[in-house]
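Here are my notes on this model. Please read them with the structure open.

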Amino acid sequence: TQNQTHPIFQLLFLFFLFLHISTKNPRKISSIFSATKHLISQMDDSQLNAFLQNPDTLFTNPSIPRVFDWEKNDMALNQDKPSSAMDEDEEESSVDSMLCDSNSRLIPFGFSKSNCTDEIMMFINAGGEALNEADSRMKFLGDSYFEGGNVMQTNEHIAEAGDCPFIYQSARFGSFCYRFNNFPPGDYFVDLHFAEIINTNGPKGMRVFNVYMQEEKVLSDFDIFSVVGANKPLQVDDLRVSVKEDGLIAMRFEGVIGSPIVCGICVRKAQNIPVPQASQEYLKCNNCAADIEVSSAQKKLMRTKVTDKYEKKIQELTTQCQLKTHECHEAWMSLTAANEQLEKVRMELDNKIFQTRTLDETVGKQAENLKNITSRYGHDKKYWAAAVHDLQEKIMIMKNEHAQLSHDAHACAESIPELNKMVTGIQALVAQSEDLKLKYSEEQAKRKELYNQIQETKGNIRVFCRCRPLSKEEISAGCALVVDFDAAKDGDLGILTGGSTKKTFKFDQVYTPKDNQVDVFADASPLVTSVLDGYNVCIFAYGQTGTGKTFTMEGTDQNRGVNYRTLEQLFQIAKERSETFMYNISVSVLEVYNEQIRDLLSTSPTSKRLEIKQSAEGFHHVPGIIEAKVDNIKEVWNVLQIGSNSRAVGSTNVNEHSSRSHCILHIMVKSKNLMTGDCTKSKLWLVDLAGSERLAKTDAQGERLKEAQNINKSLSALGDVIYALATKSSHIPYRNSKLTHLLQDSLGNIWVIQTVVVLKRVNSRGDSKTLMFVQISPSERDLSETLSSLNFATRVRGIELGPAKRQVDTSELQKMKTMLDKARQESRSKDESLRKLEESLQNLESKAKGRDQVYKTQQEKIKELECQLELKTSMQNQSEKQVSQLSDRLKGREEICTGLQQK
Ligand code: ADP
Ligand code: MG
């Protein structure tokens, strides 16, 4: 009563209690709520304070009695309590207060068959279907007889539901009533079965309601949850009802808070209705313990009073309760909202957990990946580190090389001035050499002229006399020698013509039988030089057959003759002059027999007659003749062999034939002065003449006569031509024979166009030089022929030598000799100076060449170095790029790794 004056306390208390319990068992809230009413009323101020400070004291403080101990006091809640405890001390249980009939009782568990001794009239399974128990006579009727309300069913387990738990799994709720008809008048017991069905989807079990039986209240503010909690059966048994004549049992369920609910209604025949107590009742006096008789009327009055008082109180409490219920409802609603939120949170949590799991898995995978990557990274790092190290080393080497190359290039660049100096020096040298060349050419021309002059002083027509040794045959025959070689050195040859008479012949050279091929050629060789200087030269071998013409000209394998040696020397000099001259040598081999020309190099037999023609330039040539180009002496020998072999064709006796024909080796020399560009063309004729012996007129017949005539004709023509030349006659009879006609260009001092120049035409004096070997036999048997040959040769030489003439011309001769000596000396000194000049030129040229070479090699080196430098620079750039790329990649990887590691 006192505490009711502090509604704020109550509110706070309820709030804390609610908070406290909602965390433990939210479904007990409503029962706690009704229970607190008692609790607060029992607390004194100190207890209340203590509770307010710590709400848990409500359950821990033993001084505060517990209203319900659900675990202990489940059984027969009101069994031990006297039903008549309707005292004003308010110790009456709130549970009992729900029962309006003191004879009725609350049973906190399900229907038990054994407890039911009365005859069951009917058993309604409210909200459910009719059921027959197979093993008993129990019969549950389906839900009928009702008016209004809804049906509720659950599959949830109903604890302690007795023998027939299914009753409690269905219920009727809402605003409804039941009406049973046709009951025989009399007294009956009605048992009501309740359960606060907590349906997960259904309404929450907050319900307080009244039950009226025959319009008399039998249950007031009935709250199932506060008694047994949710999903537990609660029976209200032994509600007495008397049926009148109309046979009707009506029961009405009326809600105070929420909707009423009922699971089963059992109507029993009341067999043992206790006899109503005597109208006289006794009350024990509180003071003296004496029984006070109370009449029924009195009792009624008291009850009415009590009822009034209680109703008043109930009214108040109902108001309060409604208030509290409202608050509670709000709290409940907020709790629901909180629950919903909680559910949401849970859902979110579930999601989060799921996400976390997924994340965990991902992280696991990532970790695995990371591990792999880390190991790979480690491996790669090592690899890259090694590569980078390698590259760095390479770069180092390259840098060194670069430095070296730079240094070299620098040195080269530095040496360039020196090179420039050298270049200027070389240029000066070149200019000098050009100058020298000019001088040299001039000198060369002078030399040529001088040489020619010397040759001329020797005579353009020279006659050498060669005497062969006695043959074995002659020796064995005891032939006497008719030749005197005492003055042979001076060119004098004596012939013992008989007895003591000696005829002397003068020649340019006289060769004794002891003189060999080398000695003979030594005097002929200057003419070879003349050929290379652009002069035409003719060398003849004249003489009687068997005197050694062929031996002198051709020679043997062991003793090569003039032909071979001439060509040999030509090639040698050509080789020596190869720096300044380029020579082109070709060879033809001809034969003149019976005034007919035959090409001995031709492979086809002579079908067409070869004729001598004169070209527009005035040259005489034989069109169609083979000119074999020869580059070396070996080729020459082959050609000579071919010619020699061809000569034998068509003749029975080679020697015989050869002695009747003129054998001609024709060498053409084309030269080009590499310095001036001048070109010359010269001819060299090497002629092995036919035998000069005279045939006795009587012997000459037929072919032999013809041969002899032709030989005579040609030899006399040759003699005439040479003589005319020697005596500088105005007419030279070249056309008298095929031989002289053929040799026209090369016999005598004729003005002919001798030089063909590529750029310019130069007319030069074509001096020809002629050498004749007069071959004689030393034997007395050949004396007449020898004398004939010597006479011919003397005539050819153009100087008739005789003792008288010699004398007369001594002073002149002396003069000539001194002049000749002088000229020779001059020539020698000129030659010497020329040689020196040539040498110095060669030296200069070789020096210039050497410098040129050095310059070239230096330039090549510079180029090479520059190339190398470029290459190295590009390579270095490339490798630097690579290194930067690699380090970038490395950085990227490190970043990825650190990110992964962070993850
Ligand atoms: P030709 O051609 O004038 O008829 P050959 O050249 O055929 O004369 O010579 C006749 C022979 O004399 C050959 O056997 C040759 O070897 C020999 N003969 C000629 N001249 C000499 C010489 N100077 N030394 C040695 N033997 C020679
Ligand atoms: Mg011969």
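1. The side chains of D238 and R105 make a polar contact, at 2.9 Å. This is a predicted model, so take the distance as computed from it.

2. Where does D238 sit? Its place is in strand β10, residues 233-243. D238 has 14% relative accessibility. That counts as buried, because the cut-off for buried is under 20%.

3. Which residues does D238 touch, leaving aside those up to four places away in sequence? They are N103, S104, R105, F189, V190, D191 and R268.

4. Now to strand β27, residues 662-673. Of its 12 residues, 10 are buried, so the strand is largely enclosed by the rest of the structure.

5. β27 has a partner in strand β22, residues 581-593. The two run antiparallel and are joined by 12 bridges. In this pairing, L590 stands opposite I664 of β27.

6. β27 also pairs with strand β28, residues 679-688. Again the strands run antiparallel, here with 10 bridges. I664 stands opposite V687 in β28.

7. The hairpin of β27 and β28 has 5 residues between the strands. In this hairpin, G677 takes a positive phi near 85 degrees.

8. Last, the cysteines. C164 is buried, because its relative accessibility is 0%. C263 is buried too, with a relative accessible area of 0%. How many disulfides does a search of the whole structure find? It finds 0.

Note on methods
Residues numbered from 1 in each chain as written. Chains lettered and ligands numbered in written order. Predicted model: local features only at pLDDT ≥ 70, side-chain atom pairs only at ≥ 80, totals over all residues. Heavy atoms only, no water. Disulfide = S-S within 2.5 Å. Buried < 20%, exposed > 50% of the residue type's maximum accessible area, 1.4 Å probe, protein only. Helix = DSSP H or I, 4+ residues; strand = E, 2+ residues; numbered from the N terminus. Pairing = 2+ DSSP bridges. Polar contact = N/O pair within 3.5 Å; in protein donor to acceptor, adjacent residues only side chain to side chain. Contact = heavy atoms within 4.5 Å.
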